[in-house]
Amino acid sequence: MSLRSRSICLFCGSAEGRDPRHMRLAEAFGAHVARTGVRLVYGGGGVGLMGAAARAAYENGGRVLGVIPKFLAAPEIMYEDIDQIVVATLHDRKRVMADQSDAFAVLPGGIGTLEEAIEVLSWARLGLHAKPVVFVDDNGYWNGFFDMIQQQIKAGFTPPEFQNMVSRVRTPEDAIERAFGVLAAA
Ligand code: AMP
C-alpha cells in the first residue's frame, strides 16, 4: 500500500479571496499532493482556490479528478484538462467526492466550503465514516470555526472525542501526514 493508491478530497473556495496567501496555499497544496502521488479529488471548477489547487496538482504531474454538477460547469469554468465526473446535483457531487476519497482536506473558502466540511464532520460524528478531516490554514482563517466547536463541547452538545476526528495544520506537508499517517512518513 502506498500513497499512490490514496485519494484526498479537497474542499475550498471557488473565489480567490482578498488575501493572496490563500491562493498561494492552494497552489502549494496542489503541488505537494502531486509530489506525494496522492490523487486529488475536488469540485472540478477552474476558478478560485479550487482551480488553483487543481492546476498546480495537474501541472506537477499529479492525478486529479473533478466532480462537477452539470449546472455549475459554466459558472465554475469546468477544468477541461483533467478527468471529470459530471453529476446532476450538489448532493451527487458530495457523495461521489466522498466515495472516491480516503481523507478530506479543507482550505479557506466560503459558505459552500463550510457546508461540505460540516457534512463530512457530522457524518464522522455519527460513525458513518472514519476518514480523517484536516483543516489547513497558515493565518488563522479557521479560528472562529474551531472556537465554535470548543463552545459546543463546553456546552455539552458535542462530545470531547469529536476532537479526535478533526485536525488542524498549517502546511500541505502536515496535512498529508495527518491524513495518511505512516504511509506519508514512509
Ligand atoms: P464556496 O466556498 O462558497 O466558494 O464554495 C466552494 C465550492 O462548494 C463551490 O464549488 C460550490 O459549488 C460548492 N458547493 C456549495 N454548496 C455545496 C453543496 N451543498 N454541495 C456540494 N457542493 C457545494
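1. The ligand is surrounded by 16 residues, of which the closest are Ser14, Glu76, Gly110, Gly112 and Thr113. The model is a predicted one, in which local features need pLDDT of at least 70 and side-chain atom pairs count only at pLDDT 80 or more, while totals for chains, interfaces and linings use all residues. Residues are numbered from 1 along each chain as its sequence is written, and side-chain values use heavy atoms, with hydrogens and water left out.

2. By class, the shell around the ligand holds five nonpolar, six polar and five charged residues. In this division Ala, Val, Leu, Ile, Met, Phe, Trp, Tyr, Cys and Pro count as nonpolar, Asp, Glu, Lys and Arg as charged, and the others, Gly among them, as polar.

3. An N or O atom in the side chain of Glu76 is 2.5 Å from an oxygen atom of the ligand. For Arg93, a polar side-chain atom lies 3.0 Å from a ligand oxygen atom. In the side chain of Glu116, an N or O atom is 3.1 Å from a nitrogen atom of the ligand. The protein buries 83% of the 500 Å² that the ligand exposes when taken alone. A polar contact is a pair of N or O atoms within 3.5 Å; within protein, one must be able to donate a hydrogen and the other to accept it, and residues adjacent in sequence count only if both atoms are side-chain atoms. Accessible areas come from the Shrake-Rupley method with a 1.4 Å probe; for residues, only the protein chains shown count as cover.

4. The largest pocket holds the ligand. Two elements give two or more residues to the shell around the ligand, namely helix 3 (90-99) and helix 4 (111-125). Helix 4 supplies the largest share, five residues. Helices (H or I, at least four residues) and strands (E, at least two) are DSSP runs, numbered from the N terminus. A pocket is an open set of points on a 1 Å grid over the protein atoms alone, where a 1.4 Å probe fits, with protein on both sides within 12 Å along at least five of seven lines. A molecule sits in a pocket if more than half of its atoms lie within 2 Å of its grid points.

5. Thr89 lies in the loop between strand 4 (83-87) and helix 3, and is partly exposed at 34% relative accessible area. At the start of the helix, a side-chain oxygen of Thr89 reaches to within 3.3 Å of the backbone nitrogen of His91. A polar atom of the Thr89 side chain also lies 3.0 Å from the backbone nitrogen of Asp92. Within helix 3, the buried residues are Arg93, Lys94, Val96, Met97 and Ala98. Buried means under 20% relative accessible area, exposed over 50%, and partly exposed in between (1.4 Å probe, protein chains only).

6. Ile77 is placed in the loop between strand 3 (64-69) and strand 4, and is exposed, with a relative accessible area of 51%.

7. Two residues of the loop between strand 5 (103-106) and helix 4 may be considered together. Pro108 belongs to this loop and is buried, with a relative accessible area of 3%. Gly109 is found in the loop between strand 5 and helix 4, and counts as buried at 14% relative accessibility.

8. A further loop residue is Phe162, located between helix 5 (143-154) and strand 7 (166-169). Phe162 is buried, with a relative accessible area of 7%. Pro108 and Phe162 are 54 residues apart in sequence, with their C-alpha atoms 21 Å apart in space.

Terms used:
A residue is near a molecule or strand if one of its heavy atoms lies within 4 Å of it. On a 1 Å grid over the protein atoms alone, a cavity is a set of points where a 1.4 Å probe fits but cannot get out, and a pocket is an open set with protein on both sides within 12 Å along at least five of seven lines; lining residues have an atom within 4 Å of a point.
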